[in-house]
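Here is a short briefing on one protein chain. Keep the sequence and the 3D view open as you read.

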Amino acid sequence: MSKVKYYYDSDTLSYRKVERKKGRTIGFVLLFITASVLMGLILLIAISNSGIDTPKERRLERENANLVLQLSILESKMDLASNVLENIQDRDNEIYRILLDANPIPNEVRKAGFGGINRYENLKGYDNSAMIIESHKRMDQITKQLDIQSKSLDEIARLSADKEKLLAAIPAIQPVSNEDLTRMASGFGYRTDPFTKARKKHWGMDFTAPRGTPVYASGDGTVSRADATASGYGKHIRITHGYGYESLYAHLNAYNVRKGQKVKRGDLIGFVGSTGRSEAPHLHYEIFKEGERINPIHFYYGKLSPAEFDELLKQSQQENQSLD
């Protein structure tokens, strides 16, 4: 209970109660509140200037330090990824594309920048904006280079598959095994006709071998003919290899394939004979490229040793008499 205060009234010569005015009381209250607020602000400013961190500030500082550490780790990983990617790009340009006859991808295409509007405007205005923007730039560049390299590897895989098919299709082995061969009787070029004795162009190579000697497909392909209807060839086989190549095997004794059949290099397709315009049992062998006859001697790199090829080359260049 508040104390009652009195004062002495000289006019009435008596004590009178002190009456507190309401407005004055409110004024005192407002003054107290104002003073309290001012003291609180002064105290807050003093704490802020004193360097004392609040728990929230300490938590934010720890999070910020962790983010900087994570960015640093990410930079190290991007350095490693960039080095690995650069190594793949070098091998892609200097090995794979050269082997497969493909043009290297220019460096300015692989490492082209990004044009247009500022892609990183929304990352500005933070304490570590420069570091964050740089990390995003590097990540975007690596991603773009990976996309280009991925497409390049797809192309390499396709070219490799085509190259493998091409290498398998080229008629690259001797159609009669050396073990079964008596001799290489006549080569490509001008030779003496065995019937007219006139000098004329001989469009293939003649391999002398006993009747019934196996004849092998010199490359992968499809049998386009296996008949005796072509003039002079007797029983013969034609194989279409693709990529413009075709091979012909003439004067056979018998067939081991039929028209439309797919064959692989080294498959047994027929047997040596002397059918058609032939003087003795032998295999007449021709190669076509884009419809033009070419010298088969250039295609025996599949099974012959260098010495065997050298000897065959010498025999093929002799202007002797052909057997057909």
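The points below cover cores, helices, salt bridges and selected surface or loop residues. The model is predicted. A search of the whole structure finds 12 salt bridges. The largest nonpolar core has 24 residues.

**Nonpolar cores**
- Within the largest core, the residues with the most contacts are I237, I239, Y249, I269 and L283.
- Strand 6, strand 9 (236-242), strand 10 (245-250), strand 13 (268-272) and strand 14 (282-289) each supply at least two residues of this core.
- Strand 14 gives the most, with 3 residues.
- A second, separate core has 5 residues, including A230, Y233, L248 and F288.

**Helical region**
- UniProt, in an unreviewed entry, places a "coiled-coil region" at residues 57-91.
- In the model, that span is 100% helix and 0% strand. Its end C-alpha atoms lie 51 Å apart.
- Helix 1 (residues 22-49) holds I42. I42 counts as exposed because its relative accessibility is 53%, and the cut-off is over 50%.

- Side chains of opposite charge can pair when their charged atoms come close.
- E75 and R138 meet through their side chains at 3.1 Å, N to O. E75 lies in helix 2 (residues 55-99) and R138 in helix 4 (residues 129-169), so the pair ties together parts that are 63 residues apart in sequence. Both E75 and R138 are buried.
- K264 pairs with D220, with the closest N and O atoms 3.6 Å apart. K264 is in the loop between strand 12 (262-263) and strand 13, while D220 is in the loop between strand 7 and strand 8 (221-227). The two residues are 44 residues apart.
- K264 is exposed, at 52% relative accessible area. D220 is buried, at 16% relative accessibility.
- E290 bridges to K289, with closest N and O atoms 3.2 Å apart. E290 is exposed at 57% relative accessibility, and K289 is partly exposed at 26%.
- D92, R97, R110 and E155 are linked in a network of salt bridges.

**A loop residue**
- T213 sits in the loop between strand 6 (205-208) and strand 7 (214-216).
- Is T213 buried or exposed? T213 counts as buried because its relative accessibility is 7%, and the cut-off for buried is under 20%.
- The T213 side chain reaches the backbone oxygen of P210 at 2.6 Å.

Technical notes
Residues are numbered from 1 along each chain as its sequence is written. This is a predicted model: local features need pLDDT of at least 70, side-chain atom pairs count only at pLDDT 80 or more; totals for chains, interfaces and linings use all residues. Side-chain values use heavy atoms; hydrogens and water are left out. Helices (H or I, at least four residues) and strands (E, at least two) are DSSP runs, numbered from the N terminus. Buried means under 20% relative accessible area, exposed over 50%, partly exposed in between (1.4 Å probe, protein chains only). A polar contact is a pair of N or O atoms within 3.5 Å; within protein, one must be able to donate a hydrogen and the other to accept it, and residues adjacent in sequence count only if both atoms are side-chain atoms. A nonpolar core is a set of buried Ala, Val, Leu, Ile, Met, Phe, Trp, Tyr and Cys residues joined through side-chain atoms within 4.5 Å. UniProt positions are given in the numbering used here, feature names are shortened, and annotations may be inferred rather than shown by experiment. A salt bridge is a side-chain nitrogen of Lys or Arg within 4 Å of a carboxyl oxygen of Asp or Glu.
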